[in-house]
Amino acid sequence: MNASPSPGHRPLRIDAHHHLWNPATRPHEWLAGEEMAPIRRRFTEADLRAAAASAGVGRTVLVQVLPDLGETAEFLALAAGSPLIAGVVGWVDLTAPEVADVLAGLRSGPGGRFLVGVRHLVQGEPDPRWLVRPDVLAGLRAVRDAGLVYDLLTLPHQMPAALEVVRAVPDLLFVLDHLSKPDVAGSLRPWADRIGALAERPNVVAKLSGLVTEGDWATWTVDDLRPYAHVALEAFGPGRLMVGSDWPVCLLAADYARVFATAEELLSGCTADETAQVFGGTASRVYGLG
């Protein structure tokens with residue numbers, strides 16, 4: 001029988017992946033179309049606090065939305081004044097020769113100490129081998145030298161290049177976002193095999209996040225997601241997995257509380273200590289949240 005902490009002593013929960021945005025401030029072309037209408041509005045830190053409270057989340061990691069240095073700078077300044085946001089995964093142009101200087105500039109600005117990682121929207125790159133371009137590899141080494149982690153946002157067909165890059169930069173810690181977005185309505189393979197190959201690399205951890213929007217938004221069930229969570233748990237173990245809401249994107253398929261309740265069901269076979277790692281310990285350690 002799994003031991004469970006008493007309700008009054010539940011370990012601190014960390015949402016390892018969420019966003020904020022305001023379409024009135026910057027263009028968000030990805031929000032175009034009728035299906036995105038429910039989330040085509042402003043989402044603020046105050047909205048986040050209300051949502052996080054519904055799931056007992058006490059700290060969060062805010063992740064970039066746009067390839068825009070201004071957005072990252074604003075997120076860092078916001079984190080400096082927020083009791084909830086503990087870290088920011090920002091954006092820099094990895095192909096630029098001055099990556100190290102840009103990172104140093106972000107860190108010296110308001111809230112710079114909250115910069116914990118970098119991400120690029122690799123899923124939108126038409127070249128499936130974008131990650132292993134020489135200029136990108138140079139940028140990733142600058143991220144490593146800055147002591148930051150790199151969030152991998154890939155689609156399943158980009159996973160072979162992801163495996164190459166984590167081998168090419170073995171001393172950079174990579175965080176695989178959304179388990180590389182498997183097709184929940186499709187086959188487990190070859191996605192599961194690629195997850196296993198990535199998990200063999202000690203410099204890769206993964207986020208149990210974003211799955212609710214990879215199935216049918218209206219009809220998905222926990223059982224639909226269970227095989228994918230099982231593969232990830234078997235491959236990475238609880239010490240290399242972290243839960244993220246992917247809020248507000250998740251609202252297309254589920255509210256914040258339901259996302260965390262779903263994660264609880266998916267982890268129901270874990271011990272209390274293992275669950276505590278996935279719901280907070282891994283994120284705290286990987287992102288250096290203290």
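This report describes the fold, selected residues and backbone features of a predicted model.

## Basis of the model

The model is predicted: local features need pLDDT of at least 70 and side-chain atom pairs count only at pLDDT 80 or more, whereas totals for chains, interfaces and linings use all residues. Residues are numbered from 1 along each chain as its sequence is written, and side-chain values use heavy atoms, with hydrogens and water left out.

## Overall architecture

The chain contains 9 helices and 8 strands. These elements are DSSP runs numbered from the N terminus, with helices (H or I) of at least four residues and strands (E) of at least two. Along the principal axes, the C-alpha atoms fill a box of roughly 55 × 40 × 40 Å.

Of the contacts in the chain with a separation of 6 or more, 81% are accounted for by residues 24 or more positions apart. Contact here means heavy atoms within 4.5 Å.

## Surface and charge

Buried residues make up 52% of the 290 residues. The term buried denotes a relative accessible area under 20%, exposed denotes over 50%, and partly exposed lies in between (1.4 Å probe, protein chains only). The chain exposes about 12100 Å², and carbon and sulfur atoms supply 53% of that area. Accessible areas come from the Shrake-Rupley method with a 1.4 Å probe; for residues, only the protein chains shown count as cover.

The chain carries 25 positive and 34 negative charges, whose mean positions are 4 Å apart. Lys and Arg count as positive and Asp and Glu as negative, while His and the chain ends are not counted. Each charge is placed at NZ of Lys, CZ of Arg, CG of Asp or CD of Glu.

## Enclosed parallel strands

Strand 1 (residues 13-18) has 6 of its 6 residues buried, so the strand is largely enclosed by the rest of the structure. Strand 1 pairs with strand 2 (residues 57-63) in the parallel sense over 4 bridges, and H18 stands opposite L62 in strand 2. Two strands are taken to pair if DSSP finds at least two bridges between them.

Strand 4 (residues 115-120) is likewise largely enclosed by the rest of the structure, because 6 of its 6 residues are buried. The pairing of strand 4 with strand 3 (residues 85-90) is parallel and runs over 3 bridges. Within this pair, G90 stands opposite V118 in strand 4.

## Helix 5 and its surroundings

The buried residues of helix 5 are M159, A161, A162, L163, V165 and V166. They pack against helix 4 (134-145), strand 5, strand 6, helix 6 and strand 7 (204-208).

H157 is found in the loop between strand 5 (149-152) and helix 5 (159-168). With a relative accessible area of 48%, H157 is partly exposed. Not counting residues up to four places away in sequence, H157 touches P128 and R194. H157 and E274 are 117 residues apart along the chain, and their C-alpha atoms are separated by 31 Å.

E45 belongs to helix 1 (residues 45-53) and counts as buried at 11% relative accessibility. Leaving aside neighbours within four places in sequence, E45 is in contact with L20, L78, S82, P83, L84 and I85. The C-alpha atoms of E45 and W21, 24 residues apart along the chain, are separated by 9.6 Å.

## Backbone features in two loops

Most residues other than glycine have a negative phi, and most peptide bonds are trans. The loop between strand 6 (174-176) and helix 6 (191-199) contains P190, which is joined to R189 by a cis peptide bond with omega of about 10°. K181 also lies in the loop between strand 6 and helix 6, and this residue has a positive phi near 55° without being a glycine.

P248 is placed in the loop between strand 8 (241-243) and helix 8 (256-266). The peptide bond from W247 to P248 is cis, with omega near 5°. D246 is buried, with a relative accessible area of 5%.
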